[in-house]
Amino acid sequence: MNTHRLLAPALRSAIAATLAAGGYIHAQLYVDEYRFIHIVGPLFLLQASASFALAALLAMGTPPLLLRAAAAGVTLGALAGFTASRTVGVFGFTEHGLQPAPQALLSLLTETGTLLLLAIWQLTVTEQHRTGWPRTKEHPRPPTARATL
């Protein structure tokens, strides 16, 4: 069996798993501690909801480019919020280091993993488009070659 045909489903599943794990961490923090924090609490709930929704959509099938971009956006938003909460603060809320432990570290690992997997998938898709192989339902024909003069 061709490794290219196995790579996309494996990446899709791995990305769905890391998104769901990040969503679970944010949901757990919301329920345990953050739901009482003005503005920040609802943002944790929104992050968890978006992560779970995107993970479910990814698990259902091959996502279009827009779905991969949404997953990257949600993940980058979480990382930006994490960084801002430890530097300039978010709506008056600040945290220090990798607190709360172990959720802060686990969140960083899952979100970094999501971005790395998305980058690998994008590079794989770009390579397949460039070579015109393998053909998929979305792209049944290889790119046309231009004649050079």
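**Figure 1. Lining of the largest cavity.** Sorted by class, the residues that line the largest cavity comprise one nonpolar, eight polar and one charged, where Ala, Val, Leu, Ile, Met, Phe, Trp, Tyr, Cys and Pro count as nonpolar, Asp, Glu, Lys and Arg as charged, and the others, Gly among them, as polar. A cavity is a set of points, on a 1 Å grid over the protein atoms alone, where a 1.4 Å probe fits but cannot get out, whereas a pocket is an open set with protein on both sides within 12 Å along at least five of seven lines; lining residues have an atom within 4 Å of a point. The model is predicted, so that local features need pLDDT of at least 70 and side-chain atom pairs count only at pLDDT 80 or more, while totals for chains, interfaces and linings use all residues. Residues are numbered from 1 along each chain as its sequence is written, and side-chain values use heavy atoms, with hydrogens and water left out. The search of the whole structure finds one cavity of 30 Å³ or more, and the largest cavity holds about 50 Å³ of space, a volume being the space filled by probe spheres set on grid points that are joined across faces, edges and corners. Its lining consists of T18, L19, G22, G23, Q47, S51, T75, T110, E111 and T114. Two or more of these residues come from each of α1, α2 and α4, and α1 gives the most, with four residues.

Figure 2. Helices (H or I, at least four residues) and strands (E, at least two) are DSSP runs, numbered from the N terminus. Helix α2 covers residues 40–60, and its 21 residues reach 31 Å from the first C-alpha to the last, close to the 30 Å expected at 1.5 Å a residue, the expected span being 1.5 Å times one less than the number of residues. V40, G41, F44, Q47, A48, S51, L54, A55 and L58 are the buried residues of α2. They lie on the same side of α2, because they cover an arc of only 165° around the axis, an arc being that of the directions from the helix axis to the C-beta atoms. Buried means under 20% relative accessible area and exposed over 50%, with partly exposed in between (1.4 Å probe, protein chains only). The face turned away from the buried side of α2 carries the exposed residues L46 and M60.

**Figure 3. Surroundings of Q47.** Q47, which lies in helix α2, is buried, with a relative accessible area of 14%. Leaving aside residues up to four places away in sequence, Q47 touches H26, V74 and A78, a contact meaning heavy atoms within 4.5 Å.

**Figure 4. Helix α3.** The 22 residues of α3 should span 32 Å at 1.5 Å a residue, which agrees with the 32 Å between its end C-alpha atoms. Among the buried residues of α3 are V74, T75, A78 and F82. On the other side of α3, L65 and L66 are exposed.

**Figure 5. The second largest pocket.** This pocket has a volume of about 420 Å³, and of the 25 residues that line it, the closest to its centre are H26, F44, A78, G81 and F82. At least two lining residues are supplied by each of α1 (3–32), α2, α3 (65–86) and α4 (103–131), with α3 giving the most, eight residues.
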